[in-house]
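Visitor: I would like to learn how to read a protein model. Where shall we begin?

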Amino acid sequence: MNEKVLKTLEYNKIIDLLTEYATSESGRELCRKLKPMTDLEAIEDAQAKTRDALSRIFKKGSLSFSGLHNIGASLKRLEIGGTLGIEELLRIASLLEVAKRAKAYSRSDREDTKADSLDELFDKVEPLTPLLDEIRRCIISEDEIADDASSTLKNIRRSMKNINDKIRSQMNTMLNNTDTRNLLQDAVVTMRNGRYCLPVKAEAKGQVPGMIHDQSSTGSTIFIEPMAVVKLNNDLKELFLKEQEEIEVILANLSAQVAEYISFLQDDYQVLTELDFIFAKGSLAKSYNGTAPLFNTEHRIRIRKGRHPLLDSHKVVPIDIHLGDDFDLLIVTGPNTGGKTVSIKTVGLFTLMGQAGLHIPANDRSELSIFHEVFADIGDEQSIEQSLSTFSSHMTNIISILDRVDEDSLVLFDELCAGTDPTEGAALAISILTRLHNYGIRTMATTHYSELKVFALSTPGVENACCEFSVETLSPTYRLLIGIPGKSNAFAISGKLGLSEDIITEAKKHLTEQDESFEDLISDLESSRVTIEKERLEVEQYKQEIASLKKKLEQKQERIDSQKEKIIRQANEEAHAILREAKEVADQTIKNFHKYGKATPSMKDMEQERSKLRDKMNSLEKDMSLKQKNAQTNHKVPKKLRIGDTVKVLSMNLTGTVHTLPNEKGDLYVQMGILRSLVNIKDLILVEETPVLGNKKKSTGAGKIKMAKSASVSTEINLIGKTTDEAIALLDKYLDDAYIAHMPSVRIVHGKGTGALRNAVHNHLKRLKYIKSYRLGEFGEGDAGVTIAEFK
């Protein structure tokens, strides 16, 4: 890829941004060397590594490679048997710490984590933890070796400390001596040439026996090493030399240990450098929300919502560009500062970035193709004041492009052939573009020439595009519209800025009829485009609303289907419970009236019994009316009732006869068999009586009871959880109802348990005369937890 286009399309600025995200000098050096590639396999591998690094950054955060140093020279010295210094060993330890950090970063907490393209690199990293621990144990900093680096060094330093203590004790004794203190310039102990000395006054130097090591600049102070500490200082100096020798031994031992892992250290340095480079690409992609483009070899470009990476992400307007499908030449027109140059730069820069393995700031499924060369002639904004030398410079560049271009090239022109006579410039531009179009070379060009708009409209494989401009706000919208030629809007802009209307009118007179017709055509196309775009957005909105409603309806239907069976079962259980309670009330009432029929009860007792019954029935009516309210709101209410009319009480599901006429509230008494209840007219429907034909028998009350029983009695009873007494009472009542309903057999569920409930059921069945036989359930019927009883 030629260096000129990298600068023209500002690829170098992208590399500068990338370099800032690398955390080691070697990683930054790889970033600076990154260039676009032309091998599809290499490009896709680089994109995959960038994508996987970005994914890991989102999951675990960034990985720092700070502390990664180039240790190549140190390893060379080790190969020839040299010894490394403290600083070199610390650099190796720093590299191993980076390796240890990277290894920990690569580990996953989940076993189902999918492998990616970076696993192989992370697997190559060897932290060499024992070597790292040994270096850190021996070396504290660049200026200090640990006392525990070796036992010999520890003993030497212990001896040095003891001697130092003796010297300081001896010196302090001399300082505390009154005679000696008067001879000193200051009552302090100082160091000269590595030996402990006292600052003695020059005139008293003969009174302090010892060795003179220095004097002050004025000569008033003489630094004397007292004879009492000369031997101690000599011993200390000797120990210092031994300490240095032992440190050399320690460094030699550490160097020998490092030498055993030279190949591992070389691999760690190379792998960590590459990982730093890859994660820098991932961090750059994260900064502008980049995605991996899809690559093809058909020279097809399809950018979805692309954003120039060097523009402010909060202000840049995304653009959609496609090239290479229906057309290979795209001519972009429109007013100045409308975004034409940014559009073609975006295409060129995305191509370079994609082929370099960098993500592009665009939506998913954006496509790029592989071009062996990208050529661009892009200069500053053009105007009619441009000199001939500028035109010549651009033309020289265009000639160079035409000489080197081939079918694997992408060509970008900004203001093609501007800066010269418009008529000649337009003709020349058409000729150049025709040559490229005939070769099938993917080309984008910006222009103000109307002739190029006509050329695009009339030439197959060539398409117009424009950068939208709002005349109302005098500002571009920066949207790229493919298929529509753009207007310069010079008259509209001038008028908005305050240019006199008569000057604009005079200017329009100088336009030819053909120019006016063409501008009118462009205006019509623009108007149609705006309308179509608006309708498209409305259709898209309607489609989204329909999809949303469809989804909600499907969810609602699923909920209804899932709850349908549950609702039906609950309703049946509630209905059975209400009917069972009503039967119990009726049975008790019949027993009471039989009792009263044999005796002579007081009217007061009978009235109390009737009141209790009425209250109970009203309560049942209220419960059932609440549950059936929605289902019964649309029934036909009787308008005229007469005493004796047959009616049905909906809330009780019972038929009776009108006993009293309704009052002003619509309340009336209805006689239902032996029951007389107060109901509202809205809870009634009139029942038409069916005439009796011939000698057809009337159905007796017993028949009605049997029909009602057969409709409400279940084929089984569940006694599990009941005590023996409770179970037998419920069973006795249930068997009576089932027998009246003419059921052939019933299923009694008593469970297995201890067998007490089963035995009680069997004993009770033996005593009943209408039970023909009974047996335990078979396989599939409940086994020993169920008894099947058959009626006579």
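Guide: Let us begin with salt bridges. A salt bridge is a side-chain nitrogen of Lys or Arg within 4 Å of a carboxyl oxygen of Asp or Glu. Keep in mind that this model is predicted.

Visitor: How many salt bridges does the structure hold?

Guide: The structure holds 27. Take Arg56 and Asp116 as one case. Their side chains meet in a salt bridge, at 3.0 Å from N to O. The pair links distant parts of the chain, 60 residues apart. Arg56 is in helix H4. Asp116 is in the loop between helix H6 and helix H7.

Visitor: Is Arg56 buried or exposed?

Guide: Arg56 is buried, because its relative accessible area is 9% and buried means under 20%. Asp116 is partly exposed, at 23% relative accessibility.

Visitor: Which residue forms a salt bridge with Glu88?

Guide: Arg77 does, and the closest N and O atoms are 2.7 Å apart. Glu88 lies in helix H6 and Arg77 in helix H5, so the pair ties together parts that are 11 residues apart in sequence. Glu88 is buried, with a relative accessible area of 17%. Arg77 is partly exposed, at 36%.

Visitor: What about strands?

Guide: Look at Asp320 and Lys305. Their side chains form a salt bridge at 3.5 Å, N to O. Asp320 sits in strand E9 and Lys305 in strand E8, so the bridge ties together parts 15 residues apart in sequence. Asp320 is partly exposed, with a relative accessible area of 34%. Lys305 is partly exposed too, at 39%.

Visitor: Which residues do salt bridges with shared partners join into one network?

Guide: Glu298, Arg300, Arg302, Asp325 and Glu367 are joined that way.

Visitor: Now helices. How do I read a packed pair?

Guide: Two packed helices are described by the angle between their axes and the distance between the axes. The crossing of H5 past H12 is left-handed.

Visitor: Which residues meet there?

Guide: From H5 come Leu75, Leu78 and Glu79. They meet Ile262, Leu265 and Gln266 in H12. By class, this contact of H5 with H12 has 4 nonpolar, 1 polar and 1 charged residues.

Visitor: Can we follow a single residue?

Guide: Pick Met160, in helix H9. Met160 counts as buried, at 12% relative accessibility. Now compare sequence with space. Met160 and Phe240 are 80 residues apart in sequence, yet 7.7 Å apart in space, C-alpha to C-alpha. Leaving out residues up to four places away in sequence, Met160 touches Leu236, Leu239, Phe240 and Glu243.

Visitor: Last topic: backbone angles. What should I look for?

Guide: Most residues other than glycine have a negative phi. Leu128 has a positive phi, near 50°, and is not glycine. Leu128 is in the loop between H7 and helix H8. Leu128 is buried, at 12% relative accessibility.

Visitor: What is the phi of Arg365?

Guide: Arg365 has a positive phi of about 70°, although it is not a glycine. Arg365 lies in the loop between helix H13 and strand E11.

Visitor: Is Arg365 buried or exposed?

Guide: Arg365 is exposed, with a relative accessible area of 54%. Leu128, by contrast, is buried.

Key. Residues are numbered from 1 along each chain as its sequence is written. Side-chain values use heavy atoms; hydrogens and water are left out. A crossing is left-handed if the near helix is turned anticlockwise from the far one by less than a right angle, and right-handed if clockwise. Helices (H or I, at least four residues) and strands (E, at least two) are DSSP runs, numbered from the N terminus. Contact means heavy atoms within 4.5 Å. Ala, Val, Leu, Ile, Met, Phe, Trp, Tyr, Cys and Pro count as nonpolar, Asp, Glu, Lys and Arg as charged, and the others, Gly among them, as polar. Buried means under 20% relative accessible area, exposed over 50%, partly exposed in between (1.4 Å probe, protein chains only).
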